Amino acid sequence: MLARRRKRTPRLAIELDDSELARACDRLASRSTPHARVPAVPILERLLNSAGHDWDRRAHRLAVLAATTRPATQRAWAEQRSRHADAHTLFAWGVMARGDQTPVHLEEVEEALRACAAAAMLDPSDPNPWVVRLGLLRQQRQPPSHVFAVWREIVARDPWHREAHLQMYAYLAPHACGSHAQVVEFVDQVAATAPITAPTIGLPLRALVDRYHTAQAHGGIQALTADHVWSGYEAVRVMERAHTHWLGHSSRLVHAAALADLNLLAYALTAAKEPALAQPVFDALAGVVTSFPWGHGGRDPVLAFANAQRRADDVA
(Lines give C-alpha, C1' and ligand atoms only; values in the text may rest on other atoms or scores of the structure.)
Protein backbone atom coordinates (compact mmCIF):
# COMPACT_ATOMS: atom_id res chain seq x y z
CA MET A 1 0.00 0.00 0.00
CA LEU A 2 2.81 2.38 0.82
CA ALA A 3 5.20 1.53 -1.97
CA ARG A 4 7.26 4.23 -3.71
CA ARG A 5 4.96 6.70 -5.44
CA ARG A 6 5.21 9.45 -7.97
CA LYS A 7 6.03 12.73 -6.22
CA ARG A 8 3.03 14.97 -5.75
CA THR A 9 2.46 18.50 -4.51
CA PRO A 10 2.28 18.48 -0.68
CA ARG A 11 -1.26 18.82 0.63
CA LEU A 12 -3.06 18.45 3.93
CA ALA A 13 -5.23 15.33 3.80
CA ILE A 14 -6.99 14.59 7.06
CA GLU A 15 -8.47 11.47 5.46
CA LEU A 16 -4.94 10.22 4.65
CA ASP A 17 -5.23 7.58 1.90
CA ASP A 18 -8.83 6.54 2.65
CA SER A 19 -10.42 7.40 -0.71
CA GLU A 20 -13.89 6.32 0.39
CA LEU A 21 -13.67 8.65 3.37
CA ALA A 22 -12.43 11.48 1.16
CA ARG A 23 -15.41 11.08 -1.19
CA ALA A 24 -17.82 11.06 1.74
CA CYS A 25 -16.25 14.21 3.20
CA ASP A 26 -16.56 15.95 -0.16
CA ARG A 27 -20.24 15.03 -0.38
CA LEU A 28 -20.87 16.12 3.19
CA ALA A 29 -19.13 19.45 2.56
CA SER A 30 -21.45 20.10 -0.37
CA ARG A 31 -24.43 19.48 1.92
CA SER A 32 -23.20 21.44 4.91
CA THR A 33 -26.01 24.02 5.11
CA PRO A 34 -28.34 23.72 8.11
CA HIS A 35 -31.22 22.71 5.81
CA ALA A 36 -29.23 19.76 4.45
CA ARG A 37 -28.45 17.88 7.67
CA VAL A 38 -30.88 15.02 7.03
CA PRO A 39 -29.44 13.94 3.64
CA ALA A 40 -26.06 13.57 5.33
CA VAL A 41 -27.29 10.62 7.38
CA PRO A 42 -27.15 7.95 4.66
CA ILE A 43 -23.63 9.10 3.70
CA LEU A 44 -22.47 8.69 7.29
CA GLU A 45 -24.15 5.32 7.69
CA ARG A 46 -22.79 3.84 4.47
CA LEU A 47 -19.28 5.03 5.21
CA LEU A 48 -19.12 3.56 8.72
CA ASN A 49 -21.05 0.40 7.85
CA SER A 50 -18.56 -0.33 5.06
CA ALA A 51 -15.75 -0.48 7.64
CA GLY A 52 -17.37 -3.56 9.15
CA HIS A 53 -15.49 -4.86 12.19
CA ASP A 54 -12.24 -3.20 11.17
CA TRP A 55 -12.23 -1.16 14.37
CA ASP A 56 -9.06 0.67 13.38
CA ARG A 57 -10.55 1.86 10.09
CA ARG A 58 -13.83 2.73 11.79
CA ALA A 59 -12.00 4.77 14.44
CA HIS A 60 -10.09 6.70 11.77
CA ARG A 61 -13.30 7.52 9.95
CA LEU A 62 -15.07 8.54 13.16
CA ALA A 63 -12.18 10.83 14.09
CA VAL A 64 -12.21 12.56 10.70
CA LEU A 65 -15.98 12.90 10.66
CA ALA A 66 -15.94 14.30 14.20
CA ALA A 67 -13.48 16.97 13.05
CA THR A 68 -15.15 17.84 9.74
CA THR A 69 -18.90 17.62 10.30
CA ARG A 70 -21.00 20.17 12.16
CA PRO A 71 -21.96 19.42 15.78
CA ALA A 72 -25.57 19.94 14.68
CA THR A 73 -25.18 17.20 12.07
CA GLN A 74 -23.69 14.84 14.65
CA ARG A 75 -26.51 15.54 17.08
CA ALA A 76 -29.19 15.22 14.39
CA TRP A 77 -27.93 11.77 13.37
CA ALA A 78 -27.93 10.54 16.98
CA GLU A 79 -31.47 11.83 17.47
CA GLN A 80 -32.79 10.39 14.20
CA ARG A 81 -31.09 6.99 14.53
CA SER A 82 -31.32 6.27 18.23
CA ARG A 83 -30.79 2.54 17.55
CA HIS A 84 -27.60 3.12 15.52
CA ALA A 85 -24.43 2.71 17.62
CA ASP A 86 -22.21 4.74 15.28
CA ALA A 87 -24.55 7.73 15.52
CA HIS A 88 -24.08 7.91 19.28
CA THR A 89 -20.35 7.29 19.01
CA LEU A 90 -19.87 10.07 16.46
CA PHE A 91 -21.79 12.53 18.61
CA ALA A 92 -19.64 11.67 21.63
CA TRP A 93 -16.44 11.76 19.56
CA GLY A 94 -17.36 15.24 18.37
CA VAL A 95 -17.68 16.41 21.98
CA MET A 96 -14.31 14.83 22.81
CA ALA A 97 -12.65 16.44 19.77
CA ARG A 98 -13.98 19.88 20.68
CA GLY A 99 -12.89 19.35 24.28
CA ASP A 100 -9.30 19.03 23.15
CA GLN A 101 -9.53 22.51 21.63
CA THR A 102 -11.55 24.36 24.24
CA PRO A 103 -13.37 23.34 27.44
CA VAL A 104 -16.91 22.11 26.90
CA HIS A 105 -19.78 22.41 29.38
CA LEU A 106 -20.07 19.60 31.89
CA GLU A 107 -23.65 19.03 30.75
CA GLU A 108 -22.41 18.27 27.23
CA VAL A 109 -19.71 15.94 28.58
CA GLU A 110 -22.33 14.03 30.56
CA GLU A 111 -24.50 13.82 27.44
CA ALA A 112 -21.53 12.42 25.51
CA LEU A 113 -20.86 9.84 28.23
CA ARG A 114 -24.51 8.73 28.00
CA ALA A 115 -24.08 8.44 24.24
CA CYS A 116 -21.03 6.21 24.77
CA ALA A 117 -23.06 3.99 27.08
CA ALA A 118 -25.87 3.77 24.52
CA ALA A 119 -23.46 2.88 21.71
CA ALA A 120 -21.75 0.23 23.86
CA MET A 121 -25.11 -1.39 24.58
CA LEU A 122 -26.14 -1.35 20.91
CA ASP A 123 -22.86 -2.88 19.73
CA PRO A 124 -21.06 -4.59 22.63
CA SER A 125 -18.18 -5.76 20.42
CA ASP A 126 -17.14 -2.27 19.27
CA PRO A 127 -14.26 -0.76 21.29
CA ASN A 128 -14.79 2.77 19.92
CA PRO A 129 -17.50 3.92 22.36
CA TRP A 130 -15.14 2.89 25.16
CA VAL A 131 -12.28 4.75 23.47
CA VAL A 132 -14.31 7.95 23.43
CA ARG A 133 -15.28 7.39 27.04
CA LEU A 134 -11.57 7.06 27.87
CA GLY A 135 -10.86 10.36 26.11
CA LEU A 136 -13.64 12.15 27.96
CA LEU A 137 -12.43 10.80 31.32
CA ARG A 138 -8.91 11.97 30.43
CA GLN A 139 -10.18 15.47 29.72
CA GLN A 140 -12.02 15.47 33.06
CA ARG A 141 -8.86 14.19 34.84
CA GLN A 142 -10.76 11.34 36.40
CA PRO A 143 -8.94 9.04 38.87
CA PRO A 144 -6.96 6.05 37.58
CA SER A 145 -9.49 3.54 38.93
CA HIS A 146 -12.11 4.92 36.53
CA VAL A 147 -9.75 5.26 33.60
CA PHE A 148 -8.15 1.83 33.87
CA ALA A 149 -11.55 0.15 34.14
CA VAL A 150 -12.41 1.62 30.74
CA TRP A 151 -8.95 0.71 29.40
CA ARG A 152 -9.57 -2.95 30.26
CA GLU A 153 -12.83 -2.89 28.33
CA ILE A 154 -11.02 -1.54 25.26
CA VAL A 155 -8.10 -3.96 25.18
CA ALA A 156 -10.47 -6.87 25.69
CA ARG A 157 -12.07 -5.89 22.38
CA ASP A 158 -9.05 -4.56 20.47
CA PRO A 159 -5.66 -4.90 22.21
CA TRP A 160 -3.78 -2.61 19.77
CA HIS A 161 -6.30 0.17 19.21
CA ARG A 162 -4.27 3.18 18.07
CA GLU A 163 -6.53 5.96 19.35
CA ALA A 164 -6.98 4.22 22.70
CA HIS A 165 -3.23 4.02 23.16
CA LEU A 166 -2.84 7.70 22.27
CA GLN A 167 -5.52 8.60 24.82
CA MET A 168 -3.87 6.54 27.55
CA TYR A 169 -0.46 7.96 26.62
CA ALA A 170 -1.90 11.48 27.02
CA TYR A 171 -3.55 10.57 30.34
CA LEU A 172 -0.27 9.27 31.76
CA ALA A 173 1.68 12.38 30.72
CA PRO A 174 3.18 14.54 33.49
CA HIS A 175 1.03 17.54 32.52
CA ALA A 176 -2.10 15.40 32.87
CA CYS A 177 -2.53 12.73 35.53
CA GLY A 178 0.70 10.76 35.37
CA SER A 179 4.46 11.11 35.32
CA HIS A 180 7.41 10.81 32.99
CA ALA A 181 8.19 7.38 34.44
CA GLN A 182 4.65 6.15 33.73
CA VAL A 183 4.83 7.35 30.15
CA VAL A 184 8.17 5.64 29.58
CA GLU A 185 6.90 2.39 31.10
CA PHE A 186 3.74 2.47 28.98
CA VAL A 187 5.55 3.22 25.72
CA ASP A 188 8.22 0.61 26.42
CA GLN A 189 5.59 -2.03 27.12
CA VAL A 190 3.78 -1.28 23.87
CA ALA A 191 7.04 -1.35 21.91
CA ALA A 192 8.02 -4.68 23.44
CA THR A 193 4.71 -6.49 22.97
CA ALA A 194 2.89 -5.04 19.95
CA PRO A 195 3.15 -6.89 16.62
CA ILE A 196 5.23 -5.06 14.01
CA THR A 197 2.09 -4.39 11.94
CA ALA A 198 -0.10 -3.23 14.85
CA PRO A 199 -1.75 0.21 14.56
CA THR A 200 0.22 1.24 17.67
CA ILE A 201 3.64 0.96 15.99
CA GLY A 202 4.07 4.74 15.83
CA LEU A 203 3.71 5.33 19.58
CA PRO A 204 7.45 5.14 20.48
CA LEU A 205 8.23 7.61 17.70
CA ARG A 206 5.41 9.88 18.85
CA ALA A 207 6.94 9.88 22.34
CA LEU A 208 10.31 10.94 20.92
CA VAL A 209 8.75 13.78 18.92
CA ASP A 210 6.91 14.98 22.03
CA ARG A 211 10.15 14.84 24.04
CA TYR A 212 11.85 16.94 21.37
CA HIS A 213 9.04 19.50 21.38
CA THR A 214 9.06 19.67 25.17
CA ALA A 215 12.80 20.40 25.20
CA GLN A 216 12.30 23.15 22.63
CA ALA A 217 9.47 24.69 24.62
CA HIS A 218 11.55 24.93 27.81
CA GLY A 219 13.86 27.45 26.21
CA GLY A 220 17.38 28.16 27.39
CA ILE A 221 19.93 25.38 27.38
CA GLN A 222 17.25 22.69 26.95
CA ALA A 223 16.04 24.27 23.73
CA LEU A 224 19.59 24.69 22.47
CA THR A 225 20.32 21.01 23.09
CA ALA A 226 16.93 19.66 21.98
CA ASP A 227 18.58 18.00 18.97
CA HIS A 228 20.39 15.66 21.38
CA VAL A 229 17.10 13.76 21.72
CA TRP A 230 17.77 12.19 18.33
CA SER A 231 21.30 11.00 19.07
CA GLY A 232 20.39 8.91 22.10
CA TYR A 233 20.56 5.13 21.85
CA GLU A 234 16.81 4.67 22.22
CA ALA A 235 15.97 7.30 19.60
CA VAL A 236 18.38 5.81 17.09
CA ARG A 237 16.98 2.33 17.71
CA VAL A 238 13.37 3.48 17.33
CA MET A 239 14.05 5.35 14.09
CA GLU A 240 16.14 2.54 12.60
CA ARG A 241 13.44 0.02 13.44
CA ALA A 242 10.74 2.20 11.92
CA HIS A 243 12.78 2.92 8.79
CA THR A 244 13.55 -0.76 8.26
CA HIS A 245 10.13 -2.22 8.93
CA TRP A 246 7.81 0.53 7.74
CA LEU A 247 9.50 0.83 4.36
CA GLY A 248 11.05 -2.60 3.97
CA HIS A 249 7.73 -4.26 4.71
CA SER A 250 5.57 -1.45 3.38
CA SER A 251 3.00 -3.77 1.83
CA ARG A 252 2.15 -4.93 5.36
CA LEU A 253 1.78 -1.42 6.79
CA VAL A 254 -1.95 -1.29 6.29
CA HIS A 255 -3.45 0.33 9.37
CA ALA A 256 -5.64 3.35 8.71
CA ALA A 257 -3.17 5.94 10.04
CA ALA A 258 -0.08 4.47 8.37
CA LEU A 259 0.56 7.74 6.51
CA ALA A 260 0.29 9.70 9.77
CA ASP A 261 3.00 7.49 11.25
CA LEU A 262 5.17 7.95 8.17
CA ASN A 263 4.78 11.70 8.60
CA LEU A 264 6.17 11.27 12.12
CA LEU A 265 9.12 9.32 10.73
CA ALA A 266 9.87 11.88 8.01
CA TYR A 267 9.71 14.67 10.59
CA ALA A 268 11.92 12.84 13.08
CA LEU A 269 14.57 12.04 10.46
CA THR A 270 14.50 15.65 9.31
CA ALA A 271 14.91 16.92 12.87
CA ALA A 272 17.74 14.42 13.38
CA LYS A 273 19.45 15.87 10.29
CA GLU A 274 19.16 12.63 8.32
CA PRO A 275 17.67 13.92 5.04
CA ALA A 276 19.04 11.02 2.99
CA LEU A 277 17.15 8.55 5.18
CA ALA A 278 14.05 10.75 5.07
CA GLN A 279 13.94 10.85 1.26
CA PRO A 280 12.33 7.42 0.69
CA VAL A 281 9.84 8.20 3.45
CA PHE A 282 8.77 11.34 1.61
CA ASP A 283 8.44 9.26 -1.54
CA ALA A 284 6.12 6.86 0.25
CA LEU A 285 4.01 9.74 1.54
CA ALA A 286 3.27 11.02 -1.98
CA GLY A 287 2.70 14.54 -0.68
CA VAL A 288 0.19 13.65 2.06
CA VAL A 289 0.83 16.04 4.98
CA THR A 290 -0.50 15.83 8.55
CA SER A 291 -0.89 18.91 10.73
CA PHE A 292 0.99 17.16 13.52
CA PRO A 293 3.93 17.25 13.78
CA TRP A 294 4.66 19.60 10.87
CA GLY A 295 2.44 22.38 12.21
CA HIS A 296 3.91 22.33 15.71
CA GLY A 297 4.67 25.78 17.11
CA GLY A 298 2.26 27.51 14.74
CA ARG A 299 4.18 26.70 11.56
CA ASP A 300 2.49 26.19 8.22
CA PRO A 301 2.54 22.36 8.02
CA VAL A 302 2.51 22.18 4.22
CA LEU A 303 5.37 24.67 3.91
CA ALA A 304 7.40 22.90 6.62
CA PHE A 305 6.83 19.55 4.90
CA ALA A 306 7.73 20.95 1.48
CA ASN A 307 10.96 22.51 2.76
CA ALA A 308 12.00 19.28 4.48
CA GLN A 309 11.16 17.24 1.38
CA ARG A 310 13.20 19.57 -0.78
CA ARG A 311 16.24 19.19 1.49
CA ALA A 312 15.85 15.41 1.36
CA ASP A 313 15.64 15.45 -2.44
CA ASP A 314 18.75 17.63 -2.66
CA VAL A 315 20.92 15.01 -0.95
CA ALA A 316 19.34 11.96 -2.55
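Beyond its neighbours within four places in sequence, Asn128 is in contact with Trp55, Arg58, Ala59, Leu62, Thr89, Trp93 and His161. The model is predicted. Asn128 is found in helix α7, which covers residues 128–139. The relative accessible area of Asn128 is 0%, so the residue is buried. One of its contacts, His161, is also a polar partner: the side chains of Asn128 and His161 are joined by a polar contact of 2.8 Å.

Aromatic pairs were searched for across the whole structure, and six were found. In one of them, the ring centres of Phe282 and Phe305 are 5.1 Å apart. The planes of these two rings stand at 85°, which is over the 60 degrees required, so the pair is edge-to-face. Phe282 belongs to helix α15 (residues 275–285), and Phe305 to helix α17 (residues 301–315). The pair therefore ties together parts that are 23 residues apart in sequence. Phe282 is buried, at a relative accessible area of 1%. Phe305 is buried as well, at 0%.

Phe305 also pairs with Trp294. This pair is edge-to-face, with 5.4 Å from centre to centre and 75° between the planes. Trp294 lies in helix α16 (residues 291–294) and Phe305 in helix α17. The two residues are 11 residues apart, and their pair links distant parts of the chain. Trp294, like Phe305, is buried. Ring pairs join Tyr267, Phe282, Trp294 and Phe305 into a cluster.

A further ring, that of Phe292, has a charged residue over its face. The residue is Arg206, at 4.3 Å from the ring centre.

The cysteines were examined next. A disulfide is a covalent bond between the sulfur atoms of two cysteines. The search of the whole structure finds zero disulfides. For Cys116, the closest cysteine sulfur is that of Cys177. The distance between these sulfurs is 18 Å, whereas a disulfide needs them within 2.5 Å, so they are too far apart for a bond. Cys116 has a relative accessible area of 3% and is therefore buried. Cys25, at 16% relative accessibility, also counts as buried, because the limit for this class is under 20%.

Terms used. Residues numbered from 1 in each chain as written. Predicted model: local features only at pLDDT ≥ 70, side-chain atom pairs only at ≥ 80, totals over all residues. Heavy atoms only, no water. Phe/Tyr/Trp six-rings, centres within 6.5 Å; stacked < 30°, edge-to-face > 60°. Helix = DSSP H or I, 4+ residues; strand = E, 2+ residues; numbered from the N terminus. Buried < 20%, exposed > 50% of the residue type's maximum accessible area, 1.4 Å probe, protein only. Lys NZ or Arg CZ within 6 Å of the ring centre and 35° of its normal. Polar contact = N/O pair within 3.5 Å; in protein donor to acceptor, adjacent residues only side chain to side chain. Contact = heavy atoms within 4.5 Å.
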